[in-house]
Every structure is written in C-alpha cells, then in structure tokens.
Amino acid sequence: MALVGVFSTGDISRMRGGTSVKLKSLVANNSRLNLLLASLPFLVTLLVLLAPVLAPHNPLVPAGPAFEPPGHSGFILGSDSVGRDELSRVLYGMRTSWFSALAVIASGLIIGVTIGSVAAVAGGWIDTALMRFTDIFLSLPGPVLAIAVVAALGPSLVHTLIGVGIVWWPFYARVVRGEIRALAARPHLEAARLSGVKVVKRTFRHLLPGTLPALVVTASLDIGNLVLTLAGLSFLGLGAPAPSPELGAMSARNLTYLLQDYWTAVMPGMGILILALVGNLAGDGLRSLMKDR
Amino acid sequence: MRSRFLNSQMLAMRVEGLNGNPSRPTSQDSAQQNTHSITTESSRSGSVAEVTGLKVTFKRANENIFALRGVDLSIQPSEIVALVGESGSGKSVLGLSLLGLVTHNSKPEISGKVSVADIDVLSATESQLQTLRRHHLGAVFQDPMTSLNPTMRVGKQLNEVTTSTKESIELLRSVGVPEPEKRFGAFPFELSGGLRQRVMIAMALAGSPKLIVADEPTTALDVTVQAQILNLILSVREQYGTSFLLITHDLGVASMVADRVVVMYGGQIVETGSTKTILKDPKHPYTQGLLRSRLTLEGTTTGRISTMIGEGYDARTLPLGCGFSPRCSQSTTLCRESAPELRTYSKDHLLSCWLETQSYPGTQSSVAEEVKVDDAYVDTTSPTKEASTYDTHASTPSGGEVLVGDLVVSFKVGSSRKKDSLKALRGVTLEVKAGSALAIVGESGSGKSTLLRSLVGLNTPSSGSITVPPSGEIQMVFQDAGASLTPWMTVQELLDERLFAAGIRSKSERQTRTGLACESVGLHSQMLAAKAFQLSGGQRQRAALARAIVVPPKVLLCDEPTSALDVSLAAIVLNLIAELRQKLHMTLLFVTHDLAVAKIIAEEVAVMYLGQVVERGSTRQILESPMHPYTKSLISAVPGGSRERLTLKGEPASPLAVPSGCSFHPRCSEAVNKCTEQEQLLYVSKASKGHFVRCGIALEGK
C-alpha cells in the first residue's frame, strides 16, 4: 500500500487538489465549516509543536515490553518491536513530516514567486528564458531526483528536502506568472502606472497582493502531496537515519509485523493520513472562502 | 441585479421553452392544449398580462433583499410599456416574474398574483409554464452574446423554437437580418451586436407571442444601432400586434417607442402614465429628478445639471414610509412615516406621492411649488468655494496644450501564423488649446479610447507625433472607476502613493493635500480608510477623481467615466468634472459615445469614425449645423426630442477590414461613386471658422 504511495505521489503532485466530490459539495456553501477547515493547519502545527509535552515517553528509548497492543501497559497506541511508545514516536514523526513539508513549501514559494513575478513583470525574452528554465524543472520526476540527490550526498533528512525542494517550485512560478499577467491587464495597474508609481513598487503593492489568494490555496493543497511524497521517500529509506521517528520509515520497518502486530505499521500510516487530509481539507476550505469573497 | 441572480443563457433557454422538453408540439397539438388546459386570452377581453400586489423578497446569507414591494401592473394588447428605473429599482425582477423565472432561483418569498394570458404564473406547473413561454411569451435580454448559445449556429437555435427552417429564415428576414440564408448558418460570435439582438428578437417572435419582455435590449448597442432596434420593436408591434414590456434605465429610449411609462423606485411603482404625460408633466419628485438629470440635445443647458440628493436605493432595508423620502427634498414627516399608495392622479396617470395627492384634486401645481422643486435640487457635489490654496498649485493655463499629428496606432491581432494588423487610429490630427475642453465622440471601434490611451503612453503609436505635458501632469479617469482602484489598497494609500510619486516627501504635506483633494471631489474624509469594494459607485468615481487631481494635472483625460453609472449619478459626476476643470484650469479631453454628454462638458467636439476624425468644430457647430452625414445621423439617433430621424443603415465596419475610399461610404445615404474609391481629407469649412469635415460632398453642399 505504502509502496503504491511512493510512485503515485509524483502523479498526484501534478494534479493539485484532492478530496472527493461529495465532500466538496457538502463544504461548498458553509462558510463557518470552511473557516474551521482552513484553521486546521494551525491546530496541527500547535499539536506537533507540543509533541514534547504531549508525548508520554521518550520516542527513542524503550519504555516497556515490546509489541504491547494499544491500551496495554500504559501504551495508548501500543509499543513497537523494541518496546518504544508508538504514540510518542508517531507524534514526533508527525512533527518531522509537518515541518519538512512546510519547509519545502516555503522554499518553493520563495523561489517560485521570485522567478514567476520577475518573468511576468519583465516580459519579453526574460520571460521566455525564465519560463523555459521552469519547464526544465517541471519535467524532472520529483521522487527520482530526490533519490539521486540523497544517493550522491548521503542519507539525511536535509538532503531529501533539498532533492524535493529543487523540483517543488516550478508550479508556484507558473501560478504567480499567470496571476500577475492577468492582473496586469486590469485598469488598476494602468492607473497606478499613470500615478507615476515605479515598476518595483507597482509589483509589490499592486500586483503581488493579488496573487495571494491563488498562492495560499495552491500551497495548502500542496501540503498533503508533500507529506505523502516525503513519507514515500522515507519509506524507501531516504530520510532521517534509523532511530529517529519518521512516519514513512516506521511503517516500512514494521511492515513485517503487519499481520500479527498491526498497530506498529498502521499507527504511523494514520499519522500520514491525518497530515495529508488536513492539507487537502484546508486547501478546499480556503478555496471556498476565497471564492465567496 | 439580474446577472447576479441568473445566468442569462439559461434564462433564454427557459424562455424558449427548451428546458427539459426539446420536442416541440405541432400547431395542432398546441391548439388542443390551448383549448383545455389554458383559457386563451381571447376568451376574456382585456390585458395580456396582469400583476397584482406582487412582492418578491430574496434571501441571501443573513440578509433579505426586498426586490419588489407590492407592484400592480397591467399590459394591454399591442401596447408598449416602458419600465423605467435605476439599478436596484426592481425592474428586472418584475420582468423575470412575468416570464415565470423568479421562482426558479434562490427560493424567494413571493406573494401577490402574476397572470399572463390568463395563466397564473406563480402557481403554474413547470409544463404549464413551458407552454406559456412557448406560445405567449418572448424575451430579449441586454447582452445577446450571453443569451445565445455560443456553441450553436443561430439557425439551429432558431429551429428549436420554430417549426421549420423555412419559418426560421422568414423570421430572420422579418427582423431585418440581411441575407438570412447566409446568417442562418452563422455562430453568434460571427454576428455583430446589432445582428445578434435581431436574432434574439426573431427567437422571441417565434410562435407569435402576446408579450415580449425586453430587458435593456439596446443598452449594449451603439446609438445608431439602438435606433434601428427601437424601430424594429415598433414595426414588430405594428405587424404582429405584440405587446412589449421594455425595461430600460433611459427615459429617452422610453420616449421613443413607449405608449406608457412606468417609473419604479425601490421595488415599487411610483408613477405611471402615458409617455407624453410622464415626460411633459411628471408629478413624482423622483420622475422630475430623473428628467432633470437627463441630458438631451434640446434646450440651452450648459454647465450644471440639476442632480438628486444621495445615491440609489438600498433594497436590503425596508423603509417605513415612502422609499424615496430620504432623497426627496420635499419630504415631510408623513412621507417618512407612512408609505403612500399608488392612486389615480388624473385620467391614466397614477402617482404614489403624499405631496401631490394631498393637494389633489387641485389641477396643476402652482408656480410657487415649482420654484420649491428647483431649490430642492441642492448642489450636493459643491465643495467649499474657498479653495484658493488649491489654485496656487494649479499653474496658469500654460503648458496644458495637447497636440496630435497624424497619429497612427495599429495592433497585431490573430495567431502567430496569420497576423492581421488592426488599425485603431488612421491618422488623427488634433489640437487642443490649454484650458479648453474637447469631447471625442464615436461608436465602439472608432478608436476614441485608443487615442486617449496613446496620449498617456498606454498604447504605443506606430507613427505620428504627440505633444502632451510630461507624464506627471497628464492624468486619466477610467470608465470603470471601481476597477481602476487597486482592490486591496485604501483610498488613502492610493492618494498617498500618487503624492509620493510626485515627489512630495513630507508626510504632513501629503495629508493636507489629501484632505484638500477629498474636499474638492466631495468625498468624506472617513472614506479615506475604505477600499474600493466598500465604496458605492459614486464614491468610487470620486475617489478615482481625487487621485487624478490630488496633484493637479495640466491635462485631464476622461474615458467614458459616466457610461456605467445611473442617470442621477452620472449627472453628479459630470458636474464634478466640469467644476474641477474650472477650478484647476485643466485641459479636458472627454471620450464619450453620448453627444448629450459632450454638449454639457465640452466647448469643442471631435467626431470619430473608424480611427479617423470625420468632423471637428465647436460644440455648437457640431450640434446645430453638422456637415458630415455620420454626424447628422448620430445626432438624429440620440433618443428624445422631436428631431427628424435619419436611421443609419448597417453597423460600423470592423477596424480589421476598413472599407476602401471614404470608410463611411457603405453606410452613407449620400454616397456617390467616387466615395468608394477616393479617400476623403479633412477639409476646413469656409463658412464657419474652425469647423472641419472629412467629406467633400457635404462641404460643397453647404
């Protein structure tokens, strides 16, 4: 199951936006629900920030007998093959996944917005050159490139993030360029130009704020994709090395116990599920909120 | 209002009875249906449509929108009733109610009775409604491009409502579509705006309906084409005996075709009477105000237009008394506390106003009252008179000159493989003296906006010369003021930015100037903290003007700043622009499609046609002794008044395919052979000084 995840995430990351049609129609006309959905990422951030407080045990040190089922010997989600608390490990794992995803999104936004806005505002050959450059990166397969980077630099979370970060910005560059070009054709920009506002100020004050809605929605929908991609890479062993709690690696290592002690593999999977779902729900919620405006 | 609630293409389909039941019954079927399920109109004499006590309330989020608050209306056979009102008056909702379309959306609260051809529209089943729409009703909406299905050939769309191709072609011919066999296979985008509207009318006519509801059918069209469509409505009535409900914001349009005018305000009918009565002897202060704000070519009015207080009605509130009382200067306590009813004032003249019905049965209002009415039109736009500090900033009229020499602007259009050159301007020469005002008049595609945009550098000229003041001293006001204000910035920020760009670094100075500018344009300083979407239409235009003049420019360019506004608001904005121009000694270039606006605002007029100036002269010369055949027909097409009607044939040619010789010759009634070959030059009239005309024939005739 998780293996399928690795290879399909690449595709999923191209088709932005998830969540079933049914849920969407349910969500569509309810601004209060949308607000709640949009605030989910903040709740998750709070949750993973508080991981050290919430985790009942040290995630790296055995705290009791191995393979305790959930609810036994004080292990709420059970214990793993060496007796470490599954709940604590999942919480810390979620923390790593969540912040990794946010870091990649942030780097993608910084690179993408810079390239996209420069291309759109400058136009002409600069636009062409920058957008063809973007196309090159758009054509690179994300997970494969990440594997190559990690293979070259050695296994580490930072290297994985660098590998994913390299391919994660082109989409933002395209979104920003498209939005700016649409905004630039509107009278308010011409009016600003006639007011004598210089091009840099015009870009920052009259164009970029207008791209915010599209960017916020795209980025939040992307969190889910990233969580899945990163978990897939970590499942393949391309993440933080052994003892550190990582959701993908945990489910991979405990896959052998799936039939007898299911929780060891399923609980990390649930963590991934929650993060990916939160990303998608928040994106849908934000999209509906922006549409209402 | 309409577009917010419904998609007009869906509406058009519903009206044609296509929804759900594509098969059209044969005439025998329909005759049968008529006999048993529907009492036909002929069985009962009297009106085609009857509306009694109609109330419609829409519910959105947490608000109620009281669209109609008790409306009574009846339409007689082959009568043309004009429903006049400003945006938000409920006129479109009333039209939709008659078509049985209001029940379909957003589950509004409806009470009252609507019957068309003796069918109760409100309680009818969907199939009854379809029969009704198919046989008794037709509809024409404002924008035929959105009402026609863009993916279907017009013939196929027509065939859905007629029985045969032959009938469809006949219908096209009867509404004046040239070469109907050829047009039959055309897609809507291949037709011009006027032809599309004719196709819509043909569709509405199919099945010879008793009533056609036409919602602003000419608003999106050029003046000369509008005149053609209005003529068509008259001839359809003549030929088929069809009744029309003509919904319009323009009293001029109403006066040209309607038998009876119904004036709506705030979801109620405030006055109704024969067109003559309403135009000559209106009794309701609102109707009087509308008439005063209206611009016509008649009369000697120059300078200030009388305006009404305040802005349009807010349908979210339910007034206790008369809906117009907050804007009515004569309102009394009675007006504010108790709503007047629509009563008979004189024969065929109904009025809903306490002021008049109290004095009723008095014959005419006394002279004293008339004077009172005049005073009532308080000058709301007038800023403080002592703006002397401001005058010092505005330099002497020197350097405000605008010179344009043989300007050519062409655009590349089409795909990269097949590039066409669109010549928007084909050699325009203009000379505007510092401090004077020039109105540039023309229909769509005449290049008038391109000219304006070229002056400020938004378009790059292909050849020719432009002499204008440097960029900081030339400012422009756009047609859509709302869109010209950056949506996420406050008015304060926008003004501040303009001042900063003009090199004013001191914050206190910027504040003083901002305050002065707001005062000049009549914008309350509280509005400085607002963003565009929080402002009303009038406030947006004021804010846009404030930005243009906060650093007084030498030249102010206006691109149809009033064409999207309601009549009463347009008057206020025009007054404001005229006043600012006087105060700041600005040169004014005002682009408009409306000659009446040009008359008010400018001393000189340049008439443009297909990228050329065809006639130029003082406003008086142009309006009183026009020489060019195009100018003549343009003047005669302006609604209102009792001028001789010269309806122009055809529509302006596309700037992509400019006709040879004199570009106007295909539409010109005075064209002779050489007009097709020989390009006309801009001649100077010997008889009247400063009058130029691009027509040798007209010049010789003079």
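## Talking through the labels

Modeller: Start with α10(A): six of its eight residues are buried, so this helix is largely enclosed by the rest of the structure. Keep in mind that this is a predicted model.

Colleague: Which residues of α10(A) do you call buried, and what makes them buried?
Modeller: They are A:P187, A:H188, A:L189, A:A191, A:A192 and A:L194. The label needs 20 or more other C-beta atoms within 10 Å of the residue's own, so each of these six passes that cut-off.

Colleague: What covers the buried residues of α10(A)?
Modeller: The cover includes α9 (170-184) and α11 of chain A, along with β17 (474-477) and α20 (481-484) of chain B. Just after α10(A), A:G196 takes a positive phi of about 90°.

Colleague: How many residues does each chain bring to the contact between A and B?
Modeller: Chain A brings 13 residues and chain B brings 19. On the chain A side, α10 (187-194) and α11 (199-235) each supply at least two residues, and α10(A) gives the most, with six.

Colleague: What classes do the residues on that side of chain A fall into?
Modeller: Six are nonpolar, four polar and three charged.

Colleague: How many helices and strands does chain A have?
Modeller: There are 13 helices and zero strands. Of the 293 residues in chain A, 44% are buried. Among chain A contacts between residues at least 6 apart in sequence, 70% join residues at least 24 apart.

Colleague: Over to the sheet in chain B. What is its strand order?
Modeller: The order is β17-β18-β19-β15-β20-β21-β23-β22, an open sheet of eight strands with mixed pairing.

Colleague: Why do you put β17 and β22 (683-684) of chain B at the edges?
Modeller: Each has a single partner strand, so one side of each is left without a neighbour in the sheet.

Colleague: How do you know that β22(B) and β23(B) count as paired?
Modeller: Pairing takes at least two bridges found by DSSP. Two bridges join β22(B) to β23 (residues 692-693) of chain B, so the pair meets the cut-off. These strands run antiparallel, and B:V684 stands opposite B:F692 in β23(B).

Colleague: Which helix lies across β17 and β18 (555-559) of chain B?
Modeller: That's α23 (residues 537-549) of chain B, running at about 175° to β17(B).

Colleague: How is chain B divided into domains?
Modeller: Domain 1 is 2-21 + 46-267, domain 2 is 284-294 + 308-376 and domain 3 is 627-701. In chain B, 16 residues of domain 1 are in contact with 14 residues of domain 2. On the domain 1 side, β2(B) gives the most, with six residues.

Colleague: What are the confidence scores?
Modeller: The model scores ipTM 0.76 and pTM 0.78. Chain B averages a pLDDT of 81, and 84% of the residues score at least 70.

Colleague: Where does pLDDT stay under 50 in chain B?
Modeller: Stretches include residues 1-6, for which the model has 13 contacts beyond four places in sequence, and residues 19-44, for which it has 20 such contacts. Where pLDDT is low, the predicted coordinates should not be read in detail.

Terms used:
Residues numbered from 1 in each chain as written. Chains lettered and ligands numbered in written order. Predicted model: local features only at pLDDT ≥ 70, side-chain atom pairs only at ≥ 80, totals over all residues. Contact = placed C-beta atoms within 7 Å. Helix = DSSP H or I, 4+ residues; strand = E, 2+ residues; numbered from the N terminus. Nonpolar A, V, L, I, M, F, W, Y, C, P; charged D, E, K, R; others polar. Buried ≥ 20, exposed ≤ 12 C-beta atoms within 10 Å, placed from the backbone. Domains from an automatic or database assignment. pLDDT = per-residue confidence, 0-100. Axes fitted to C-alpha atoms, helices over the stretch in contact; angles between N-to-C directions.
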